Amino acid sequence: MILMRNLAGLGLTIVAMIAMPAIAVHDLAIAQEIVPKPANNDNLRTQEITEAVYLKQSGYDRLQKADIQGAIADLQKALALFQKWQATGGERDTLNFLGEVYLVTGQYAQAMPYFEKALKISKTIAKVNNDPNNDPDVAYTLQYIADVYDKQRQYPAALQVYQEALTIFRGLLKAQKGDRQSLLVSESVV
């Protein structure tokens, strides 16, 4: 009986590893940006950050399916785990997703604090990476903030923030960093 349970658990682990999308592996690396790894609890940390990555993806998927409450629940759980382990990249992305949930549901006052926190983290990561003026994550978060202003019909504020994002995207295009096609699309939206 114990052997069968262990084999079943191993089978589920193998299926989960096979089914793990490449983006989750990438997200795990991003989630752990600029954070020194503690000497103890490494296994628990990795396990919980992996869980947070899956919760973040689940929250995003639920948002795409218009399951707003499910999206918020998953994203809040992911955020708590990323914050617990000081995984700032994952925290930033989750804050942006939470802000997006509130943005698409028209709850602009709730969206803005999430985007502002994400922007602060993005700027901190960019500064640590010695590239504070050319970071796409800063520009993407600025776009979200400008979207909130735009939806609230605060057009001068939206234009100013869109311009700030556009300046970063243009700098990235000139330096040919990152995914050029993605940056071109972002620039055309602004």
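User: Which residues in H5 meet H6?
Analyst: This is a predicted model, and in it the H5 side includes Thr88, Gly89, Glu91, Arg92, Leu95 and Leu98. Among their partners in H6 are Tyr108, Gln110, Ala111, Tyr114 and Phe115.

User: What kinds of residues are those overall, nonpolar, polar or charged?
Analyst: The contact of H5 with H6 has 11 nonpolar, 6 polar and 4 charged residues.

User: And at what angle do H5 and H6 pack?
Analyst: About 155°, with the axes 8 Å apart. Angles over 145 degrees count as roughly antiparallel, so that's what H5 is to H6. The crossing is left-handed.

User: Ok, switching to H6 itself. Which of its residues are buried?
Analyst: Quite a list: Ala111, Met112, Tyr114, Phe115, Ala118, Leu119, Ile121, Ser122, Ile125 and Ala126.

User: What covers them?
Analyst: The cover includes H4, H5 and helix H7, residues 136-151.

User: How far apart are the end C-alpha atoms of H6?
Analyst: They're 30 Å apart.

User: What comes after H6?
Analyst: Asn130 follows, and its phi is positive, near 60°.

User: You mentioned H4. How does H4 pack with H5?
Analyst: At about 160°, with axes 9 Å apart. That makes H4 roughly antiparallel to H5. Their crossing is left-handed.

User: Which residues meet there?
Analyst: On H4 they include Ile68, Ala71, Leu75 and Phe82, and on H5 they include Gly90, Thr94, Phe97 and Val101. That contact divides into 12 nonpolar, 4 polar and 1 charged.

Conventions:
Residues numbered from 1 in each chain as written. Predicted model: local features only at pLDDT ≥ 70, side-chain atom pairs only at ≥ 80, totals over all residues. Heavy atoms only, no water. Axes fitted to C-alpha atoms, helices over the stretch in contact; angles between N-to-C directions. Helix = DSSP H or I, 4+ residues; strand = E, 2+ residues; numbered from the N terminus. Parallel < 35°, antiparallel > 145°, perpendicular 65-115°, else oblique. Left-handed = near helix turned anticlockwise from the far one by under 90°. Contact = heavy atoms within 4.5 Å. Nonpolar A, V, L, I, M, F, W, Y, C, P; charged D, E, K, R; others polar. Expected span 1.5 Å × (residues − 1). Buried < 20%, exposed > 50% of the residue type's maximum accessible area, 1.4 Å probe, protein only.
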